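Here are some notes to read alongside the structure. Keep the 3D view open and turn it as you go through the points.

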Amino acid sequence: MILNHRPVAESDFHAICAFPRNEDELFFAYPKATYPLTPPQLLEAVRRRSDSTVVEDDENVVAFANFYRWETQGCCSIGNVIVSPTARGKGVGRYLVERMIDLAFTKYRAAEVTVSCFNRNVAGLLLYPRLGFQPYAVEERSDKSDSRVALIHMRLRNPG
């Protein structure tokens, strides 16, 4: 795989909307959205957030993320992280999150980067600590069926 990244374009929305294969996968990436993800829902997220970024493999969009908080010399929080089902397990998520960390530390000179992950999102729970994120809080939430879930908050401090 030869990966590159760039800002999202509206022409990417249909591909991104196909990434969540079920309600749980969409909930992990975008809890406020209703399954199936639609371009208008995605546009709303892009408008409210910053630095919406896609990863491409051979010009095919294979991942998406953004910041839901972006403070200069403060905290940047990565959200809406999702990888295409065909690209999972191939390092695409790692590449995307590393690019978002780089962006936070260079563009915003962030003191720390945070990410939050639901307890049933095993891929995220295994990925983020490998990138240096450490848990610092657990918050009780409810999923779409009103079941209790844990949202695990993690942070990575700027080493610089």
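1. Let's begin at a turn. Strands E3 and E4 form a hairpin with four residues between them, and Gln 73 in this hairpin has a positive phi near 60°. Please keep in mind throughout that this is a predicted model.

2. E3 and E4 run antiparallel and are joined by six bridges. To find the pairing on your screen, look for Asn 66, which stands opposite Gly 79 in E4.

3. Next, step back to see the whole sheet. In what order do the seven strands of the open sheet lie? The order is E1-E2-E3-E4-E5-E7-E6, with mixed pairing. At the edges are strand E1 (3–7) and strand E6 (134–142), each of which pairs on one side only. From one strand to the next, the twist averages 25°. As background, strands of a sheet pair through backbone hydrogen bonds, either parallel or antiparallel.

4. Helix H5 (residues 122–130) packs on it and touches E4, strand E5 (112–118) and strand E7 (148–157). The direction of H5 makes about 160° with that of E5.

5. Now for the interior. In soluble globular proteins, nonpolar side chains tend to be buried together. The largest nonpolar core in this model has 29 residues, and those with the most contacts inside it are Ile 78, Val 97, Ile 101, Tyr 128 and Phe 133. At least two core residues come from each of E3, E4, helix H4 (92–107), E5, H5 and E7. H4 gives the largest share, eight residues.

6. Leaving aside residues up to four places away in sequence, Val 97 touches Ile 78, Val 81, Leu 127, Tyr 128, Leu 131 and Phe 133. Another core, of 18 residues, lies apart from the largest one; among its members are Phe 13, Phe 19, Tyr 30 and Val 46.

7. Val 46 leads us to helix H3 (residues 39–48), where the buried residues are Gln 41, Leu 42, Leu 43, Ala 45 and Val 46. What covers these buried residues of H3? The cover includes helix H1 (13–17), strand E2 (50–57), strand E3 (60–70) and strand E4 (75–83).

8. Finally, check some backbone details. Most residues other than glycine have a negative phi, and most peptide bonds are trans. A cis peptide bond joins Tyr 35 and Pro 36, with omega about 0°. You will find Pro 36 in the loop between helix H2 (23–29) and H3.

9. Two aspartates also deserve a careful look. Asp 51 has a positive phi of about 55° although it is not a glycine, and Asp 51 lies in strand E2. Asp 58, in the loop between E2 and E3, has a positive phi near 50°. Is each one buried or exposed? Asp 51 counts as buried because its relative accessibility is 16%, under the 20% cut-off. Asp 58 counts as exposed because its relative accessibility is 64%, over the 50% cut-off.

Methods: Residues numbered from 1 in each chain as written. Predicted model: local features only at pLDDT ≥ 70, side-chain atom pairs only at ≥ 80, totals over all residues. Heavy atoms only, no water. Buried < 20%, exposed > 50% of the residue type's maximum accessible area, 1.4 Å probe, protein only. Contact = heavy atoms within 4.5 Å. Pairing = 2+ DSSP bridges. Axes fitted to C-alpha atoms, helices over the stretch in contact; angles between N-to-C directions. Core = buried A, V, L, I, M, F, W, Y, C linked by side-chain atoms within 4.5 Å.
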